[in-house]
Amino acid sequence: MASTLAKHLLPSSLLPTTCNNSTQSPKHHPSAAAAAFRSHFHGLKLSISTTTTPSSSSSGLTSSKTSLLLTVVAGKVNKGSVPPSFTLKDQDGKSVSLSKFKGKPVVVYFYPADETPGCTKQACAFRDSYEKFKKAGAQVVGISGDDAASHKAFAKKYKLPFTLLSDEGNKVRKDWGVPSDLFGTLPGRQTYVLDKNGVVQLIYNNQFQPEKHIDETLKLLQSL
């Protein structure tokens, strides 16, 4: 169902194609059936609860009411904070830790999936500007839920010179609080720039203009 919804809601630029290679009244007593759960949209919390209200009539009957509450939950990583560390496999199956990049700026960008049009455009844009990132002394790291084999094929096909990490199960994405789009049907596209001390200096989110991530990150890096 989620994939069908995404198919109808996504702009054509995100549908499969190829790319160039180069969210005091009567007292209420919570019932045991009360439940709460977090939606796939990291940033939204959906709570469902059932309450029982004692009747004021002589019959002594009670009535139940179910309420739905949607609240916004702030992202876990903010500008000026140090994000949670991680160790993930890269496209060659080697373990890479965030701490490896301390001492130099690093661009960590979360993207939906390998080989999708927007993600391919974004990866190719990072590739084409890679020398500018190197000149700024920065490393580039892409993260998605694809496995290492997928990353390896993706990097080889488009000649990507930077590290791609496999976040299978999206644990790091959740730990960092990366929001999803389209009510959770599409993993979010969010970029972070960390300075040489590992402190976040920029958080940029733009699902439908993937190439703008490169412009914004370079602009910030050149000001550090």
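Start by selecting strand β9, residues 163-166; strands here are DSSP E runs of at least two residues and helices H or I runs of at least four, numbered from the N terminus. T163 and L165 point one way from the strand, L164 and S166 the other way, and all are buried, meaning under 20% relative accessible area with a 1.4 Å probe and protein chains only (exposed is over 50%, partly exposed in between).

Before moving on: this is a predicted model, where local features need pLDDT of at least 70, side-chain atom pairs count only at pLDDT 80 or more, and totals for chains, interfaces and linings use all residues. Residues are numbered from 1 along each chain as its sequence is written, and side-chain values use heavy atoms, with hydrogens and water left out.

Now bring in the neighbours of β9. Strand β8 (residues 139-144) runs parallel to β9, joined by four bridges, while β5 pairs with β9 in the antiparallel sense over two; two strands pair if DSSP finds at least two bridges between them. Click on S166 in β9: S144 stands opposite S166, and K89 stands opposite S166 as well.

Next, show the aromatic side chains. The whole structure holds 12 aromatic pairs, counted when ring centres of Phe, Tyr or Trp (its six-membered ring) lie within 6.5 Å; planes under 30 degrees apart are stacked, over 60 edge-to-face and the rest tilted. Pick F86 and W176, a tilted pair at 6.0 Å centre to centre with 50° between the planes. F86 sits in the loop between β4 (62-72) and β5 (87-90) and W176 in helix α5 (residues 171-176), so the pair ties together parts 90 residues apart in sequence. Both F86 and W176 are buried.

Then select Y109, Y111, F126, Y130, F133, F154, Y158 and F162, which ring pairs link into a cluster. T217 counts as buried because its relative accessibility is 0%. Leaving aside residues up to four places away in sequence, T217 touches V107, F126, F133, T191, V193 and L202, a contact being heavy atoms within 4.5 Å.

Last stop: the second largest pocket, at about 180 Å³. Of its 13 lining residues, V82, L98, S99, K102 and G198 lie nearest the centre. What classes make up the lining? Six residues are nonpolar, four polar and three charged, with Ala, Val, Leu, Ile, Met, Phe, Trp, Tyr, Cys and Pro as nonpolar, Asp, Glu, Lys and Arg as charged, and the others, Gly among them, as polar. A pocket is an open set of points on a 1 Å grid over the protein atoms alone, where a 1.4 Å probe fits, with protein on both sides within 12 Å along at least five of seven lines; lining residues have an atom within 4 Å of a point. Points are joined across faces, edges and corners, and the volume is the space filled by probe spheres set on them.
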